[in-house]
Amino acid sequence: MKKNYLAIMMAAAMALSGATVYAGAEEDKGYNSTFDVASAGDVTLDVMITSLGDSDGGPFLRGVMEKYQEMYPNVTLNPVECSMNELYTTLITQATSGTLPDIFTMSEAYSANCLEMGMGIDNLADLLGEDYMNGLLDAAVENSTVDGHFVYMPWQNNTTAMVYRKDLFDEKGLAVPTTWDEYLETAKALTEDTDGDGTVDRYGSVFAGTRNDSAESRFQTFALTFGADFVKVNEDGSVASGFDTDEYKNAMKTFIDIAVNEGVSPAGFVETGYSEAYTMIAADQAAMFFSGSNVLGGIYNSNPDMRGKMGSFPMPTAEGVDPVTSFSSVGMTISNSCKNPEVAADFLKYLTSVDNSIEWNKATCRLPVVKEAIDAIVAEDEAYAGFAEASANAVIYPAFAGLAELRDASGECWQRVVSEGVSVDDALADAAAKAEEAVKTYSN
């Protein structure tokens, strides 16, 4: 992004006066600091990061904040808790009342609204610096950018891939499936009665089927692997949904078949959420499940013995569809009302340094977006390799305010088929109509 006029004039003035930009000495601070924080005077920053309330991420974040304050005694960082589910309404209230914290969590789900309401600073990329920006995944930078504006600094890499019991694949001589047909055959090979009592006790697959954003966003990725788009931007800039396409219908029917009809997934699909699914993996009751990398944390915490037994691979696709997955990220931005944006940016760079990104992964099993850190994490634990590989084929969805409603229409579709006995075709027709109505509503 181009440097703004003020930044250019300040740089020119410093050059003329013989001043130099403080390099912060990455070698003595352990991160790419480009601002003299110690000479900034007394600074207080309110830091609202949703993970502060997490049992794993919270202690890590507070520890990083304490270390930063030890490096710079002139800086006070006030942690402010806010759950992800309450983030958007909280930010709207704060922006309206002029009480936004100096640093706050942001994701692509709200980035367009953040830009429209002017919540964040305009020159975030300039404050972070070219060297820092070049160290991030290209997909992450694209995902954080709206209409040419770099809205927030990405942090958590939410690439979707398949986690699986690598030890069982090795034991049975199974190859990693690349198509959904191969996936089904692999799931059948892994579905078995392990104790010989006549009842299946390990299934090859488990899908999340609850009617909430967690399961519905997973189906959005599943649909991508069939060439189906939830949201399409036409050449004239208008938006349309892909619910009425053959690709979407194929995705929905296959999703329901594998989850319910083929006998390769546990019963109770519509009541199975994210936590129930990874618990089944941890309990040796299922062998494959697609999610973000943080699912490994859930599995390991539930059953530490699963460390060393897990692996990951990119999402299978329908025949004729190129490898593809979804990418999303959660990160932080700096409020437009922050009085010390340079210090705020410096702290964010410290928080997401290579070393801290690696430690964040150890605490939460989430992948970062810092390329050097990802390489180190995969080298340490190959269970993350499939997520890293999948990142190369991740697509970025266009910002669309009605996406949650489109997702809910898809969830209602499979819920009605499974729970109410509605035909797939009738449920699909109703979902397509609701998607079309949502597109009209949010396009006006």
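Predicted model: local features only at pLDDT ≥ 70, side-chain atom pairs only at ≥ 80, totals over all residues.
**Helix α19 and its two partners**

Helix α19 spans residues 403–420 and meets helix α11, residues 213–224. Their axes come within 9 Å and cross at roughly 90°. That angle makes α11 roughly perpendicular to α19. On the α11 side, the contact uses D213, A215, E216, S217, F219 and Q220. On the α19 side, L403, R407, D408, S410, G411 and W414 take part. The contact of α11 with α19 is evenly split by class: 4 nonpolar, 4 polar and 4 charged residues.

Helix α20, residues 424–443, also packs against α19. Here the axes are 9 Å apart and the angle is about 165°. An angle over 145° counts as roughly antiparallel. The helices α19 and α20 are therefore roughly antiparallel to each other. Their crossing is right-handed. From α19, the contact draws on E405, L406, A409, E412, C413, R416 and V417. From α20, the contributors include V424, A427, L428, D430 and A431. Others from α20 include K434, A435, A438, V439 and Y442. By class, the contact of α19 with α20 holds 12 nonpolar and 5 charged residues, with no polar ones.

**W414 within α19**

W414 belongs to helix α19. Its relative accessibility is 0%, so W414 counts as buried. Leaving out residues up to four places away in sequence, W414 touches G209, T210, A215, E216, F219, M252, F255, I256 and F269. W414 and T105 are separated by 309 residues in sequence, and their C-alpha atoms lie 32 Å apart.

**The six-stranded sheet**

An open sheet of 6 strands runs in the order β2-β1-β3-β13-β6-β14, with mixed pairing. β2 (75–80) and β14 (367–368) are the edge strands. Each has a single partner strand, so one side of each lacks a neighbour in the sheet. Within this sheet order, β3 (residues 103–107) pairs with β13 (residues 329–334). M106 has G331 of β13 as its bridge partner. Helix α3, residues 57–71, packs on the sheet and touches β1 (43–48), β2 and β6 (153–157). The direction of α3 makes about 165° with that of β2.

**Strand pairs**

| Strand pair | Sense | Bridges |
|---|---|---|
| β3 (residues 103–107) and β13 (residues 329–334) | antiparallel | 5 bridges |
| β7 and β10 (residues 288–291) | antiparallel | 4 bridges |
| β7 and β11 (residues 310–313) | antiparallel | 4 bridges |

Strand β7 covers residues 161–165 and is mostly covered, with 5 of its 5 residues buried. Y164 is bridged to M288 in β10. R165 is bridged to M310 in β11.

**Helix α14, an enclosed element**

Helix α14 runs over residues 295–302. In this helix, 6 of the 8 residues are buried, so the rest of the structure largely encloses α14. The buried residues are V295, L296, G297, G298, I299 and Y300. Strands β7, β10 and β11 are among the elements that cover them. Helices α13 (274–282), α16 (354–364) and α18 (385–391) also contribute to that cover.

Notes:
Residues numbered from 1 in each chain as written. Heavy atoms only, no water. Axes fitted to C-alpha atoms, helices over the stretch in contact; angles between N-to-C directions. Helix = DSSP H or I, 4+ residues; strand = E, 2+ residues; numbered from the N terminus. Parallel < 35°, antiparallel > 145°, perpendicular 65-115°, else oblique. Contact = heavy atoms within 4.5 Å. Nonpolar A, V, L, I, M, F, W, Y, C, P; charged D, E, K, R; others polar. Left-handed = near helix turned anticlockwise from the far one by under 90°. Pairing = 2+ DSSP bridges. Buried < 20%, exposed > 50% of the residue type's maximum accessible area, 1.4 Å probe, protein only.
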